[in-house]
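Hi,

Here is the structure I said I would pass on.

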Amino acid sequence: MNGSEFVPLSLVPMLIGICVAIACALPGNFLLLRRQALIGDAISHVVLPGIVVAFLLTGLVASVPMLLGAAGAALVAVAAIEAIRRLGKIEPGAAMGVVFTTMFAGGVLLLEMSDTSSVHLDVEHALYGNLESLIWLDATGWSSLWDPEALAHLPVELPRMATALVAVVLFIAVFWRPLKISTFDEGFARTMGLRTGPLGLALVVVAAIAAVAAFDAVGSIIVIAMFICPPAAARLMTNRLETQIAWSVLFATLAAVIGYVLAGYGPLWLGAQDSVSAAGMIATVSGVLVAGVALMGPARN
């Protein structure tokens, strides 16, 4: 594929996939080490009804309404979990399981009952996203990367996801030392005067921002996979946090690029006529990477 085909058709979806993968993998490293890896899964379940309600109220698929809707859904989830835990006198984990699955099911029902397909906000897009359709129609080749007129018509999902990635990187860079100390020894961090509670909450909020920004473009499946698979594979490669972060970025990038290429061309190489879901293939490749590292990773023991 030459530049006149690759730039308009594949460059933007591939870049969005890479940004999503890295933005989710970076906070995923800390969530994994804190034994909170499934928070990413929970976030993707909880935010769905909030995003749908925000669209139904505003008629807009934009960052601010989506973030406000997701934040409102998170507050409802916290209140419901606490109510179920106290009234039902059950374990917090069981209460969270009930609330997360119920809210995700409610979000799917809202999508089914409302006419949102015209804005790419239906059940299929909520699960698989619309990565393949994010093509750059105004690009004519590599020269378009320096053409202000062509750049003005980039799919909005790319700058939105790039902004979310920058926010995630800045958060980790600014709070690197307290994040590292509180992740490995929360008690010691408290004795140093670090406020571990607000810091942990801020980490979850940053993860939620990455998930919501990615939701429209790639759906929930790839978001869940990228919060867990690249950090898990990286953890099996090293016992040093700095090196683990670097490995997770590499694995996330490889999963996004290889998954996108295999989704588009893999079926054609096997003689099939149609491509498959890019988000689904990226998630599959990330799982294969984890399986491969689990067999050969130097830190797997």
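**What I found**

T196 is found in helix 10. Before I go on, a word on the ground rules: this is a predicted model, so local features need pLDDT of at least 70 and side-chain atom pairs count only at pLDDT 80 or more, while totals for chains, interfaces and linings use all residues. Residues are numbered from 1 along each chain as its sequence is written, and side-chain values use heavy atoms, with hydrogens and water left out.

Back to T196: it counts as buried, at 8% relative accessibility. (Buried is under 20% relative accessible area, exposed is over 50%, and partly exposed is in between, with a 1.4 Å probe and protein chains only.) Apart from neighbours within four places in sequence, T196 is in contact with S182, E186, A189 and R190, where contact means heavy atoms within 4.5 Å.

Helix 10 covers residues 196-235, and A234 sits in it too. What does A234 touch, not counting residues up to four places away in sequence? The list is Q244, W247, S248 and F251. A234 is buried, with a relative accessible area of 0%. A234 and L289 are 55 residues apart in sequence, yet their C-alpha atoms are 9.8 Å apart in space.

S248, one of the residues A234 touches, belongs to helix 11 (residues 241-269). S248 is buried as well, with a relative accessible area of 0%. Its contacts, leaving aside neighbours within four places in sequence, are A25, N29, P230, P231 and A234.

For G93 the picture is another one: at 45% relative accessibility, G93 counts as partly exposed. You will find G93 in helix 4 (residues 92-113). Its C-alpha atom is 9.1 Å from that of I81, twelve residues away along the chain.

**The whole chain**

Stepping back, the chain has twelve helices and zero strands. These elements are DSSP runs numbered from the N terminus, with helices being H or I of at least four residues and strands being E of at least two.

UniProt, in an unreviewed entry, places "transmembrane region" at residues 6-26, 38-57, 93-111, 158-176, 197-215, 245-266 and 278-297. Those positions are in the numbering used here, feature names are shortened, and annotations may be inferred rather than shown by experiment. I looked at two of the spans. Residues 158-176 are 95% helix and 0% strand, with end C-alpha atoms 26 Å apart.

Of the 301 residues, 47% count as buried. Among contacts with a separation of 6 or more, 71% come from residues 24 or more positions apart.

The chain exposes about 14,600 Å², and carbon and sulfur atoms supply 68% of that; areas come from the Shrake-Rupley method with a 1.4 Å probe, and for residues only the protein chains shown count as cover.

Cheers
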